[in-house]
Amino acid sequence: MGLPKKIDISNIWGTVATSIQTRNVAVVWQSKPYTLQIDHANGTLLDIKKELEARTKVRYKRQVLKGLESLPDDTVVNTIPNYIMDKQLIMLGDPSVDIMDAFDTTEMEEAAAAAEAEAAKKKVNAGAAGRNRTPLERADDHRQKGNALFREGLFEEALDLYTRAVNALKDDVKALSNRSACWASMAKFKEALFDAEMAISYDPNWPKLWGRKGLAHFYLKQFDEAVAAYSKQADMDPENFEAKKNVGRSEVAGGNMQRIKEKEKAQKLANEQRRLAERDRLAKYGGDGFGGARDEHAKYKLALEHHEERLKTLRKERREAINTWRRSCRTEMERPEEKPGGSIRVDVFGHLRGACRKTGCMMWNRDISKMNGWSDMNVLKCEDCGGAHQDHEDCGVYDPNDPPPPKPPGKQAEAIAGVHHATADDFKAMAGKGGVSSSSQPPIS
């Protein structure tokens, strides 16, 4: 806590008592008299103030001498017109007036320490209360706060709170719906569509979610899909005339329900073709289609083939992300720095981030391995410039590690030192020797 603004303490100055020598100045501070030693030949106003500070802890910079504000602190006392040696008067004023609402620096420090201790106690109590709440309660609290920010037009701040709600309760369809609306308000319709479809996967019977989906499709110029989504909303909520109006708008823009049905039919045909192609690929590696060991072996070989294809794609995406990052950051580094747990150039969502458009920061810097849980919003800010992750150029998804290869079929669990994995033959052998009977073993759950 900093010092308060200057306080007018002019009333603590009073007349010098007649019994005091002319080199002394009498001051009343909180009903207590003080005697200040002043050199009248060379003493200045600053000397008086510093002497008062030494005695009362009132900082000299906070002291204001009423009527003498225009005089500099280096003014010699005996040059002041009001200073009369024989009457021993330093300045005009009523010595009986006390300043009761002022306080010294010691009191201020004690008050600041007490306030900081109280704030720390409240923070600890709030954290404990937050940990004791259920995921539903935490999600609801974040969502309500996000709603208030959304109504004020603070979409990015609301987005963070909706994300906290989803992190607390992943199937919170209200938070997903509101976050979809937030993305749409920020003209990020792909993200809006993703959240709308995610919410629909949890609750397909809520008409509003189909409206969110239709809105995202419409502004992505996917008018056929917009017609289908809005039609679904209108069918589920016949009294929603806005949904029917949106169906008409999408049709005017070029949407056609018949084309959607044709697309769905084509999609089913494509799925069937993929299934048949999968069967043929299994046959290529010796699969017979009966689900036995031969099929297991064929699926393993096919998984290896898919793994190799995936590796090629990932490595190509990685190279493209690195090249984009190098251009954005104007760096000669061959690849982003690596640390245990990931790269400091990758945000918490796995995207490689480049230069900041707003602050001029050359590259994103945030060690996400130090994040303090999912409620730590500092991970969304660059450590160097403080800019949000969205302000840094998105260079693409970046994972420096290759995915592990598939495991061969029938692979046994890895042996653990000191642990014996008993087999059926072991139990039979024990039963034959008069040991534990296999029939007495509890069922495996």
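Let's start with Lys 221, which counts as exposed at 65% relative accessibility. Lys 221 belongs to the loop between helix 7 and helix 8 (223-236). Its phi is near 60°, a positive value in a residue other than glycine. Keep in mind that this is a predicted model.

For background, most residues other than glycine have a negative phi.

Now for the rings. The protein has 4 aromatic pairs. One of them joins Phe 189 and Tyr 219, which are stacked, with 5.0 Å centre to centre and 15° between the planes. Phe 189 lies in helix 6 (residues 189-202) and Tyr 219 in helix 7 (residues 207-219), so this pair ties together parts that are 30 residues apart in sequence. As for cover, Phe 189 is buried, with a relative accessible area of 16%, whereas Tyr 219 is partly exposed at 43%.

Phe 218 and Phe 223 make another aromatic pair, this one edge-to-face, at 5.4 Å centre to centre and 70° between the planes. Phe 218 is buried at 14% relative accessible area, and Phe 223 also counts as buried, at 18% relative accessibility.

## Charges over rings

The charged end of Arg 249 sits over the Phe 218 ring, 4.7 Å from its centre.

## Nonpolar cores

Trp 210 also turns up in the largest nonpolar core, which has 12 residues. Other members include Ala 165, Val 173, Leu 176, Ala 199, Ile 200 and Leu 209. Helix 4 (155-168), helix 5 (173-185), helix 6 and helix 7 are the elements that give two or more residues to this core. Apart from it lies another core, of 11 residues, with Ala 158, Tyr 162, Ala 192 and Ala 216 among them.

Leaving aside residues up to four places away in sequence, Val 173 touches Ala 199, Tyr 202, Asp 203, Trp 206 and Leu 209. In general, nonpolar side chains tend to be buried together in soluble globular proteins.

## Helix 11 and its end

Just after helix 11, Arg 330 takes a positive phi of about 50°.

## The whole protein

Stepping back, the protein has 12 helices and 6 strands. Of its 445 residues, 34% are buried. The protein exposes about 28,100 Å², and carbon and sulfur atoms supply 53% of that area.

What about contacts along the chain? Counting contacts with a separation of 6 or more, 54% are between residues 24 or more positions apart.

Key:
Residues are numbered from 1 along each chain as its sequence is written. This is a predicted model: local features need pLDDT of at least 70, side-chain atom pairs count only at pLDDT 80 or more; totals for chains, interfaces and linings use all residues. Side-chain values use heavy atoms; hydrogens and water are left out. Helices (H or I, at least four residues) and strands (E, at least two) are DSSP runs, numbered from the N terminus. Buried means under 20% relative accessible area, exposed over 50%, partly exposed in between (1.4 Å probe, protein chains only). Contact means heavy atoms within 4.5 Å. Accessible areas come from the Shrake-Rupley method with a 1.4 Å probe; for residues, only the protein chains shown count as cover. Rings of Phe, Tyr and Trp (its six-membered ring) pair if their centres lie within 6.5 Å; planes under 30 degrees apart count as stacked, over 60 as edge-to-face and the rest as tilted. A charge sits over a ring if NZ of Lys or CZ of Arg is within 6 Å of the ring centre and within 35 degrees of the ring normal. A nonpolar core is a set of buried Ala, Val, Leu, Ile, Met, Phe, Trp, Tyr and Cys residues joined through side-chain atoms within 4.5 Å.
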